[in-house]
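Here is a set of exercises with worked solutions, to be done with the sequence and the 3D view open. Try each task yourself before you read on.

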Amino acid sequence: MRKAMLVLLCLVVFAGVGFSQQKTVYVMHGWPGQQAVAFAKVVQAFMEAYPDINVVTEIVGRDRPAILATRLAAGNPPDVSPIPWLGLMAEWARAGYLVPLDGLVDVSEQIPALTPLGYVDGKLYGTWQSANVKSLVWYNVKAFVEKGYQVPTTWDELIALCDRIVADGGVPWSIGLESGAASGWPGTDWIEDIMLRTAGPEVYDQWVNHEIPWTDPAVVEAWEKFGQIALNPAYVLGGPVGALTTNFGDAGAPLFTDPPQAYLLKQATFIQSFILNQKPDLVPGEDFAVFPFPPIDPKFGTPVLGGGDVSVVFNTGGPLNGTREEVITFVQFLSSVKAQEIWARELGEMAANKNIDPVATYPDPIARAAWQMLLTADSFRYDGSDLMPGAVGAGSFWQGVLDYVSGVPLKTVLDYIESTAVDAYGY
Amino acid sequence: MNPVRLLPRMPLHVFLVVIAFLWFIPTLGLLITSFRTPGDIVSSGWWTTIPGLFQPGQFALDNYLRVLNQEGLGVAFRNSLFISVPATLISVIVASLASYAFACMGFPGRRLLLVLVVALMVVPLQMTFIPVLPIYRKLRLAGTYPGIWLAHTAYGLPLTTFLMYSFMSGIPKDLFDSASIDGAGPLKTFFRIVLPISVPALASVFIFQFLWIWNDMLVALVYVGATPRVAPITVAVANLVTNRGQNWELLTAAAFLTMILPLVVFFLLQRYFVRGILAGAVKG
Amino acid sequence: MLKTKKWHPWVFVGPALLILTFFFVYPAVATIWRSFYGSGQELFGPNVRHVGLANWRYVFTNPTMTRALRNNALWVGVFTPVTVGLGLILAVLLDRVKYERVLKSIIFVPAAISYVGASIIWRFVYAYRPVGLSQIGVLNALVVALGGEPQGWLILRPWVNNLLLIAVGIWIWTGFSMVIFSAAYKNIPRDLLEASRIDGANEFQVFRRVTLPLLRPTAEVVGVTMVVQVLKVFDIVYVMTNGNYETEVVANRMYKEMFNFFNYGRASAIAVVLLLMLIPFMILNVRRLAGQGGVQ
């Protein structure tokens, strides 16, 4: 007992030794694994360029919204955090948790399509750290050549291709909707992409802002088009049950069995690292490639749906709008060409700075093709579910996708989402 | 054991072995999966490896090496020890002192307080963060080890007190009488009589409290944060997974590595789960 | 009862009471207060609006919440008796075999696995692969081997999936129940058991007439603990289904309202409901807790 007390005492003394005081920037991100390594390299480059500033990184994955909310309420948030939740950014900005960056950070080098998304009520709150392109369909190049399949350029061609694959005794799609506590989100990408192509970007914005209800014919049509594929047992590997129980990260594997268990996968740029983790021998561009999710109504062309992360600066009571100069220096560095090239090269993900050198930065043709799509899209829209209030975008929308695919009538699903939306938006 | 006695005991053995088998299968699946490649894991069942269990090439240590080579894992392990060992000790000490008073002493409000303590078990700890944390900041406890020891002590206290109380309330009264005759005060009685008798209960409470703290991530994230200098191993392991998904092959290996220490503690403490400590002290 | 000076007991319970007041009583009061206020994530502040009973109406009328309440009842009804009963039986039976330590360890192991680890394990039990492909889930492999069709177990609403989640809970918590029962059982004086054996009682009679009454207090303690665990059940549901397919439970709903939807008011009301749900079980136990002089 006495020994234990002594050990305790020693530990108290040890733990009490405080932090040394130096110019320090605290950053919290949610990228584990490879992304964490890439971000560490960016941070290292920053500390080499600014030796008098120390950067302390916290990585919080799954529970980050909870931890950030708690720390904000308690008054000790980190200085900077790159977040994908733009809806949340707006809420935080209005609650006074975030530092307005107008006049502090230069965003002129950002991809023009992304920049407006960093604004809330006319003020700049978020600078872009990374982007991804969601409107992509992945396929097995060799299997396509072998069977004589062509890359479809319209929705009708896509359906015709599906029917041909079925006629050949194959299964067109591999769909993975399971994602642990976030299950359902891959389906929201489908519906958003379809909506952009059937109703156009303006209606899409109205939908995201809840200016049209979830029961609007435009929304219903997007869901039904998604159902045309996802609910068709012949189109989806394992049918709807397969879609619901397959983890999105495992959905790529069936494309590369011999013979392929499925031929098509709709997923964002980041899925490449999943495919290569499970099939390390594949060569991007040779063994697998992507084509844009095809247009439906020619009027709206081929819009691009994307996602990404914006760096927001939390109000920690500093002299510069609530923050400190070293924090601004760090945020400015994150969006610079140098930082962005390190980040994108390391990951094959999309940079957010338009001035990077794509040939030197992107290791493979797929990433270069996605980069082209991002720069030249007929229209660009951000992932709607991340723009909506959490109760809808990370709640009833995800749940609705799963309910719909598991056989709940569409009207029931949409009525339910609408009721939560009225509640969450307040109108 | 002679066959006449063995025969009626057959159902007993069968029952126990079946239960153990059911309990073991998922664990075995995890263990085997932790040695397989990501591609194999999603394409065939883990049990398909069993017929060729001893063939070379079936299994690889890659997953374990990747987990072990992760930067900062050693620091995270040390942090976990710094968090869980003192926190467990403190909570067991505080809980056994309190339950000693609840079980063996009379004082006004005893019953009400006891019921209240037990009822507090159901308060979801997530709801306590936001009220507690601002005060923590003022007291400069946020981000320190003493701060998280206190937090873990608190979160485990209702259950540990409840368990210790229920055990101590069963201690026969004549033991105290003899102690009083010897002139021992409450502290002396506690160390001389109550604690030694309570060893099996202490051991079980200790092991579970240790486990919960060792496996905790949320409390650590809230009270010490995720900076590598102080974050425990659960936080480090969570960072192994990829951005949006789970690297199952790494997580399975990590699950086993993080389990080793709690299991060692269990095996070490198992010798205290023995009969007779109390039985020997009581004249039936 | 130990003879003490008046202030002695307070020295012993003092630290515990102080800590509990700070970490539980104060936040519990704050939570009750907050349940009458609106969304947002602060406890106090200009953005926090009084909303009367709106959160309470929501808790008791929203279909997702009522479903969560139903599921928690199902958890209490299945998880509690199984973990308590199985833990008791195992503790008593294992005491009679030579391989006690090995089996105890096997049943204890799930308690040592983190929830993340446990969720992966059970993925590989419940995993689904379409007909014709090789199954990677134990359960479906078994079903297919017996000539059945593979099932997407966790989406079979509402009974199968809920029961399968409860099975995971039982797998994790039986070890706890067993260890506590075992510690108590080993403290029953052997001569008591032997005496009734000599009186001609068979093993079952010894168990019923001697062991069971003596373990009754322990059973109540374990029972209360299990009920509390069920009311708070969160991690299993959160990682396996996140409450989809009608598997929602109260604590998971609370987490979502609090940290995903940033509706502190509703989350508070839900948390208070958890407290209220415990009351019936406390009343059942209060007489034992209170009536007992501590020393029989």
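**Exercise 1. Find which residues of helix H13 (residues 337-347) of chain A are buried, and what they pack against.**

Step 1. Settle the terms: helices (H or I, at least four residues) and strands (E, at least two) are DSSP runs, numbered from the N terminus. Buried means under 20% relative accessible area, exposed means over 50%, and partly exposed lies in between (1.4 Å probe, protein chains only).

Step 2. Go along the helix: A:Ala339, A:Gln340, A:Glu341, A:Ile342, A:Trp343, A:Ala344 and A:Leu347 are buried.

Step 3. Look for the partners, using contact in the sense of heavy atoms within 4.5 Å. The buried residues of H13(A) pack against helix H2 (33-49), strand E6 (126-133), helix H12 (325-334) and helix H14 (358-361) of chain A.

Step 4. Check what follows the helix: after H13(A) comes A:Gly348, with a positive phi near 70 degrees.

A word on the model before you continue: it is predicted, local features need pLDDT of at least 70, side-chain atom pairs count only at pLDDT 80 or more, and totals for chains, interfaces and linings use all residues. Residues are numbered from 1 along each chain as its sequence is written, chains are lettered from A and ligands numbered from 1 in the order in which they are written, and side-chain values use heavy atoms, with hydrogens and water left out.

**Exercise 2. Classify two aromatic pairs of chain A.**

Step 1. Learn the rule: rings of Phe, Tyr and Trp (its six-membered ring) pair if their centres lie within 6.5 Å; planes under 30 degrees apart count as stacked, over 60 as edge-to-face and the rest as tilted. Over all chains, a search of the whole structure finds 74 aromatic pairs.

Step 2. Take A:Trp31 and A:Phe39: their ring centres are 5.4 Å apart and their planes stand at 50 degrees, so this pair is tilted. Both A:Trp31 and A:Phe39 are buried.

Step 3. Turn to A:Phe248 and A:Phe270, where the centres are 6.4 Å apart and the planes make 75 degrees, an edge-to-face pair. This pair links distant parts of the chain, 22 residues apart: A:Phe248 is in the loop between H10 and strand E8 (264-266) of chain A, and A:Phe270 is in the loop between E8 and helix H11 (271-278) of chain A.

Step 4. Why does A:Phe248 count as buried? Its relative accessibility is 1%, so A:Phe248 falls in the buried class. A:Phe270 is buried too, with a relative accessible area of 5%.

**Exercise 3. Describe the interface of chain A and chain C.**

Step 1. Look for salt bridges (a side-chain nitrogen of Lys or Arg within 4 Å of a carboxyl oxygen of Asp or Glu). There are three between chain A and chain C. A salt bridge joins the side chains of A:Asp403 and C:Arg157, at 3.1 Å from N to O.

Step 2. See which elements take part: helix H3 (64-74), helix H4 (86-94), helix H10 (239-245), helix H17 (390-405) and helix H18 (410-425) of chain A each give two or more residues to the side that touches chain C. H17(A) gives the largest share, seven residues.

Note on methods: Buried area = accessible area lost by both parts, 1.4 Å probe.
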